[in-house]
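Visitor: I would like to learn how the words used for a protein model are tied to numbers. Could you take me through them slowly?

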Amino acid sequence: MITLITANWLLYLVALLIGVVTAFWVWAATGREASSVDSFNADDGLLEKAGEPMQPAEAKPEPAPAAAAVPETAAPPPPKAVVVPVAPAPEPQAEAPTTAAAATEGAPKIAPAVGEPDNLRLIKGVGPKLNTLLISLGVTRFDQIADWKEAEINEVDQYLGTFSGRITRDAWIDQAKFLAKDDIVGFEKKYGKL
């Protein structure tokens, strides 16, 4: 087989080129023309309509389907009543208090967030699970984390479980100070690209 290829390599090369050219021709011929959807026309009036509120379309009542003719048959007799003994209900237990103080009793005592929440995942070391955990603890802003002192760090660290120690190890406080001030250049110099 090798001797056949080496003796006729030019024919194999020509056959390969014909195959490539044919494939390109088929690919180029399959609807590569520009459609009206692909082009932008500023004079079509759609930009002016974008600012107008949409009016709901009037709902047209649909005609009820015609009832199929069903031959009348005698209705089956009603089922007989069955008496089932019921056990007495257990005594209700005292419910857990639902006040806001009881709900936050299990959360660390940190300053509440003021303003729109930040994307805490920009902090190196905060992934999806830690982000969800921090939000459940009421931590949603960089300025909250930037203001933490040793007491708050230890308190929040207790709630992190397997992620305990990440606050100091990954320098969340320092990172949050950069991000709270929108100092992206300083952040990237010290911690790398966002």
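Guide: What follows is a conversation about some terms and the values behind them.

Guide: This is a predicted model, in which local features need pLDDT of at least 70 and side-chain atom pairs count only at pLDDT 80 or more, while totals for chains, interfaces and linings use all residues. Residues are numbered from 1 along each chain as its sequence is written, and side-chain values use heavy atoms, with hydrogens and water left out.

Visitor: Why is Thr140 called buried?

Guide: Buried means under 20% relative accessible area, exposed means over 50%, and partly exposed is in between, with a 1.4 Å probe and protein chains only. Thr140 has a relative accessibility of 18%, and therefore counts as buried.

Visitor: Where does Thr140 lie, and what does Thr140 touch?

Guide: Thr140 sits in the loop between helix H5 (128-136) and helix H6 (142-146), where helices are DSSP runs of H or I with at least four residues, numbered from the N terminus. Leaving aside residues up to four places away in sequence, Thr140 touches Ala113, Pro117, Asp118, Leu120 and Ile135; a contact means heavy atoms within 4.5 Å.

Visitor: What makes the buried residues of H5 lie on the same side?

Guide: The buried residues of H5 are Leu130, Asn131 and Leu134. They cover an arc of only 105° around the axis, which puts them on the same side of H5; the arc is that of the directions from the helix axis to the C-beta atoms. On the other side of H5, Lys129, Thr132 and Ser136 are exposed.

Visitor: How do you know that the buried residues of H7 line one face of the helix?

Guide: In H7, the buried residues are Ile153, Val156 and Asp157. Seen down the axis of H7, these fall within an arc of 110°, so they line one face of the helix. Ala151 and Gln158, on the other side of H7, are exposed, whereas what covers the buried residues includes H5, H8 and H9.

Visitor: How many contacts beyond four places in sequence does the model have for residues 94-104?

Guide: The model has one such contact for residues 94-104, over which pLDDT stays under 50. Where pLDDT is low, the predicted coordinates should not be read in detail.

Methods. Helices (H or I, at least four residues) and strands (E, at least two) are DSSP runs, numbered from the N terminus. pLDDT is the predictor's confidence in each residue, from 0 to 100.
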